[in-house]
Amino acid sequence: MSGPRHNDMRTPMRRVRGLGAAHSGTADFWHMRVTSAAGVLLTIALVVIVISLLGRSHAAVVQILGSPIVAVIMLLFIVNSIYHMWIGMQEIILDYVHEDKLKFLSLMANTFFCFAVGLASCFAILKLSFGV
Amino acid sequence: MAELEAGATGARRPRPISPHLQIYRPMLTMTMSIVHRITGAGLYFGMLLLAWWLIAAAAGPNAYANFEWFMGSLIGRLVLLGFTWALMHHLLGGIRHLVWDLGYGFQPAEREMLAVATIVGSIALTLLVWVIGYFAMGGLR
Ligand code: HEM
């Protein structure tokens, strides 16, 4: 914020970029807000979709989940939630895990988990949609 | 004061010490803060449930029947009830965060009100969702 100080160890380029120690500035903070705002609408949509599918036969569930509008809403919910929980869990890990090896292992496990669950869910929706 | 003294002696200024969490009287707003984190972590693993549902539907009638069997069991119902409540609580807690981000709700009475609204609202919404859900299934089973 303030101008150059004699004890500032950063190069002028680092100061101008203003990205701090995480190298990504406030991106995570902002993306958390974006995914939360979207999450409000998408969560309501998910609850409505799930309720409307309760007690229906497998064939009916397949047909409805695979129909374009429902499928796109489901994909939006999945992608939004996975990205949101990826950042969120990273925040939790950085708060509580301070030992280096364990920290990086946890961060890696978080990434693997989110990609695996997200990809599997999206794949299922696409398969239902394209009916292969 | 301390600064002046330290300056005079050239010694290091003592760092300020702040009491840790246990020192404070527990308050509803604190509890809501940690519950938001706990529900977030619960939902994180709860997304496995959603993935299972979708994969089972995509895999075929047998896989889907297994999923339905589990969800119809007592444990399945309890897990789903827990997931519903966590989702509703985290949703309302998240809206509370968005209200704060817009700059509202920081007065002591407002903070307390938001905390109470979150807990009461989450229970009410959970009940509402389940009542509608059972209606949609055509009654209790
Ligand atoms: C299945 C869906 C969701 C999952 C898996 C999820 C997961 C998480 C996780 C793991 C965190 C980190 C907790 C922490 O840092 O304390 C978090 C934080 C947060 N979530 Fe969610 N969440 C979901 C839905 C939502 C929704 C619908 C909203 C909408 C309002 C929301 C709003 C927030 C906010 C605002 C935070 C940040 C809290 C803070 O800064 O302390 N989340 N979420």
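A crossing of two helices is called left-handed if the near helix is turned anticlockwise from the far one by less than a right angle, and right-handed if clockwise. Helices here are DSSP runs (H or I, at least four residues), numbered from the N terminus. In this structure, H4(A) passes H2(B) in a left-handed crossing.

The model is predicted: local features need pLDDT of at least 70, side-chain atom pairs count only at pLDDT 80 or more, and totals for chains, interfaces and linings use all residues. Residues are numbered from 1 along each chain as its sequence is written, chains are lettered from A in the order in which they are written, and side-chain values use heavy atoms, with hydrogens and water left out.

**Interface of the two chains**

Chain A contributes 39 residues to the contact and chain B 31 residues (contact means heavy atoms within 4.5 Å). The two chains bury about 2900 Å² between them, with 78% of it on carbon and sulfur atoms; buried area is the accessible area (1.4 Å probe) that two parts lose on being put together, summed over both. On the chain B side, the most area is lost to chain A by Arg37(B), Tyr44(B) and Met47(B), together 25% of what that side buries.

**Helix packing**

Axes are lines fitted to C-alpha atoms, for helices over the stretch in contact, and angles run from 0 to 180 degrees between N-to-C directions. Angles under 35 degrees count as roughly parallel, over 145 as roughly antiparallel, 65 to 115 as roughly perpendicular and the rest as oblique.

| Helix pair | Crossing angle | Axis distance |
|---|---|---|
| H4(A) (residues 68-96) and H2(B) (residues 28-59) | roughly 140° | within 10 Å |
| H5(A) (residues 100-130) and H2(B) | roughly 30° | within 8 Å |
| H4(A) and H5(A) | about 175° | 10 Å |

H4(A) is thus oblique to H2(B). The residues of this contact divide into 15 nonpolar, one polar and three charged, where Ala, Val, Leu, Ile, Met, Phe, Trp, Tyr, Cys and Pro count as nonpolar, Asp, Glu, Lys and Arg as charged, and the others, Gly among them, as polar.

H5(A) and H2(B) are roughly parallel to each other, and H5(A) passes H2(B) in a left-handed crossing. This contact has 16 nonpolar, two polar and one charged residues. Among them are Phe113(A), Val117(A) and Lys127(A) in H5(A), and Tyr44(B), Met47(B) and Leu54(B) in H2(B).

Within chain A, H4(A) is roughly antiparallel to H5(A), and their contact comprises 19 nonpolar, seven polar and one charged residues.

**Salt bridges**

A salt bridge is a side-chain nitrogen of Lys or Arg within 4 Å of a carboxyl oxygen of Asp or Glu. The whole structure has three salt bridges over all chains, and two are found across the interface of chain B and chain A. The side chains of Arg33(A) and Asp101(B) form a salt bridge (3.0 Å, N to O). Arg33(A) lies in H2 (residues 27-53) of chain A and Asp101(B) in H4 (residues 74-101) of chain B, so the pair joins two chains.
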